[in-house]
Amino acid sequence: MTTIAELPPGFADKVLSAQSTFRSVMDAMARPGSVQRIVPGAGTPDTMMRGTAAIALTLFDHDTPLWLDSRMAESPDLVKWLKFHTGAPVMQDSSIASFALIGDGAALPPLERFALGTSEYPDRSTTVILQVESLEAGRPFELRGPGIDGATTLQASIKPFDLFERLHLNEALFPRGIDVVLVADDAVVAIPRTTRVVSKGS
Amino acid sequence: MNAPAYNFAYLDEQTKRMIRRAILKAIAIPGYQVPFASREMPMPYGWGTGGVQVTAAILGPTDVLKVIDQGSDDTTNAISIRKFFAKTAGVATTTATDDATVIQTRHRIPETALNESQVLVYQVPIPEPLRFLEPRETETRRMHALAEYGLMHVKLYEDIARFGHIATAYAYPVKVNARYVMDPSPTPKFDNPKMDNCPAPQLFGAGREKRIYAIPPYTKVVSLDFEDHPFEPYRFNAPCALCGAEDSYLDEIVTDDKGSRMFVCSDTDYCEGRQAAGHHGSLSAAPYKEKAHG
């Protein structure tokens with residue numbers, strides 16, 4: 001049983017670390033496929049990566065219901081850390097979550113189970129934060145869409161392997177949809193709902 | 001310590017988190033207006049409370065801030081906001097477009113082309129392009145949901161029927177990423193082409209109306225028009241009287257009560273840069289004339 005005093009720390013400088021992390025995430029969201037680095041360090045409970053922890057401390061609070069996959073939820077330290085540092089409520093129902101934290105991509109539930117927003121309020125949708133193996137090496141994916149000058153190639157090792165096939169639902173549902181933030185250690189790549197995968201090698 | 005202490009960039013952290021989440025959704029859904037819990041700011045509505053909140057949420061200690069009001073770095077609004085962030089965030093400020101990393105603007109886009117390392121923040125009075133056509137928020141929201149923009153085309157058509165051309169000169173509606181019709185804020189339509197495929201992200205903040213929206217970099221932004229009445233940017237047919245520029249947006253300045261007037265660049269940084277580079281107009285200041293005569 002970990003006491004609060006033994007929990008990994010949050011940001012050393014709450015204000016400037018959150019600002020720097022946000023700008024990395026904003027740049028990632030504005031330039032899909034580009035790899036952004038998260039500089040400020042924070043404690044990382046259990047299986048949570050550095051980037052994920054920094055994003056949690058930057059964007060989560062009592063207004064953002066969270067959904068955790070079983071890999072994340074089964075760690076009492078991780079849940080306690082989130083509760084102590086962010087105060088965000090952890091929900092059982094993924095369809096009302098502002099953010100979903102996925103530690104084990106292979107067990108990513110069908111995306112329809114998350115909030116997709118409504119036609120009137122497409123912003124009321126879940127941002128899925130998915131921890132992946134690598135955002136530097138792996139299969140190449142060619143991405144197009146707003147924020148990308150022509151096309152860009154993302155090399156990544158991602159589970160689930162069919163993530164981009166699943167994200168085709170964004171095409172059919174737009175402006176509703178799911179925005180995904182991929183995290184590998186301190187590297188972040190965002191795939192907002194407007195991004196399309198044109199082709200990919202093997 | 002009795003001096004009032006503010007958080008970095010004035011806003012408290014909870015407010016910044018809320019605005020930051022809104023900005024991320026705004027970027028993910030280009031042109032869609034994300035509602036946000038706009039705060040009261042230490043300045044009146046209409047002075048850029050929306051833009052200031054967006055700037056406060058993104059600004060970091062290493063940023064260099066430029067603020068323009070109708071293209072000018074030297075008007076009350078621009079100076080006040082620049083000083084506000086110099087005081088509350090301690091950031092460096094500049095008037096040079098090239099040196100800035102964050103540019104907050106009221107009703108102009110700089111003449112100097114923006115680059116990938118910059119962010120443009122607009123102050124927006126009325127974010128809803130359909131508001132004057134349909135006053136009910138429930139209805140305009142549904143119209144956006146259904147991409148039902150016929151009414152806007154009727155409005156532009158009525159311009160043509162009445163005046164022979166599309167007479168809308170500012171806040172000229174655009175379609176972003178072939179989906180949402182968006183108000184570019186009351187910029188002159190001269191600036192509309194600069195929004196298309198811009199390397200810098202463009203963020204829009206409307207404080208009183210409590211909306212944030214965005215255009216990611218390299219995004220298609222098309223001004224609405226008709227095949228037989230294509231969109232045309234408007235510009236006074238004159239060179240700048242101070243720098244001679246023939247490609248910049250001009251302000252008309254009445255100089256006496258006998259109908260005399262001069263046209264000068266509305267972008268003061270652009271105009272000063274050109275003058276420093278040796279360009280002259282018909283009414284350039286005395287030192288230039290003396291040199292020319294001497």
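Q: What joins strand β2 (residues 64-69) of chain B to strand β4 (residues 102-106) of chain B, and in which direction do the two run?
A: Let's begin by saying that this is a predicted model. In it, five bridges join β2(B) to β4(B), and the two strands run parallel. A pair needs at least two bridges, so five are enough for β2(B) and β4(B) to count as paired. One place to look is B:V67, which stands opposite B:Q104 in β4(B).

Q: What makes β1 and β3 of chain B edge strands?
A: Each of them, β1 (34-35) and β3 (92-93), pairs on one side only. They belong to an open sheet of seven strands in chain B, ordered β1-β9-β8-β5-β4-β2-β3, with mixed pairing.

Q: Which helices of chain B lie on this sheet, and how do you know their directions?
A: Helix α1 (residues 13-28) of chain B lies across β1, β8 (202-206) and β9 (211-215), and runs at about 45 degrees to β9(B).

Q: How do you know whether chain B agrees with a compact globule, and which value is set against which?
A: A compact globule of 294 residues would have a radius of gyration near 19 Å, and chain B has 20 Å, so the two agree. Buried residues make up 48% of chain B.

Q: Why is chain A called as compact as a globular protein of its length?
A: Chain A contains six helices and nine strands. Its radius of gyration is 16 Å, close to the 17 Å that the globule rule gives for 202 residues, and therefore the description applies. Of those 202 residues, 50% count as buried.

Q: Why are α1 and α2 of chain A described as they are, and at which angle do they pack?
A: Helix α1 (residues 14-30) and helix α2 (residues 50-59) of chain A pack at an angle of about 110 degrees, with their axes 9 Å apart. This makes α1(A) roughly perpendicular to α2(A), because the range for that term is 65 to 115 degrees. On the α1(A) side, A:A18, A:T21, A:F22 and A:V25 meet A:A54, A:I55, A:L57 and A:T58 in α2(A). The residues of this contact divide into six nonpolar, two polar and no charged.

Q: What makes β3 of chain A a paired strand, and which strands does it join?
A: Three bridges join strand β2 (residues 66-68) of chain A to β3(A), and these run parallel. Four bridges join β3(A) to strand β4 (residues 127-131) of chain A, again in parallel. Two bridges would be enough, so β3(A) pairs with β2(A) and with β4(A). A:L66 stands opposite A:F99 in β3(A), and A:A100 has A:V128 in β4(A) as its bridge partner.

Q: Are the residues of β3(A) buried or exposed, and which way do they point?
A: A:F99 and A:L101 point one way from strand β3 (residues 99-102), A:A100 and A:I102 point the other way, and all are buried.

Q: Which element gives the most to the side of chain A that touches chain B?
A: In this meeting of the chains, 29 residues of chain A are in contact with 30 residues of chain B. On the chain A side, α1(A) gives the most, with twelve residues. The residues of that side divide into 14 nonpolar, five polar and ten charged.

Note on methods: Residues numbered from 1 in each chain as written. Chains lettered and ligands numbered in written order. Predicted model: local features only at pLDDT ≥ 70, side-chain atom pairs only at ≥ 80, totals over all residues. Rg over C-alpha atoms; globule rule 2.2 N^0.38 Å. Buried ≥ 20, exposed ≤ 12 C-beta atoms within 10 Å, placed from the backbone. Axes fitted to C-alpha atoms, helices over the stretch in contact; angles between N-to-C directions. Parallel < 35°, antiparallel > 145°, perpendicular 65-115°, else oblique. Contact = placed C-beta atoms within 7 Å. Nonpolar A, V, L, I, M, F, W, Y, C, P; charged D, E, K, R; others polar.
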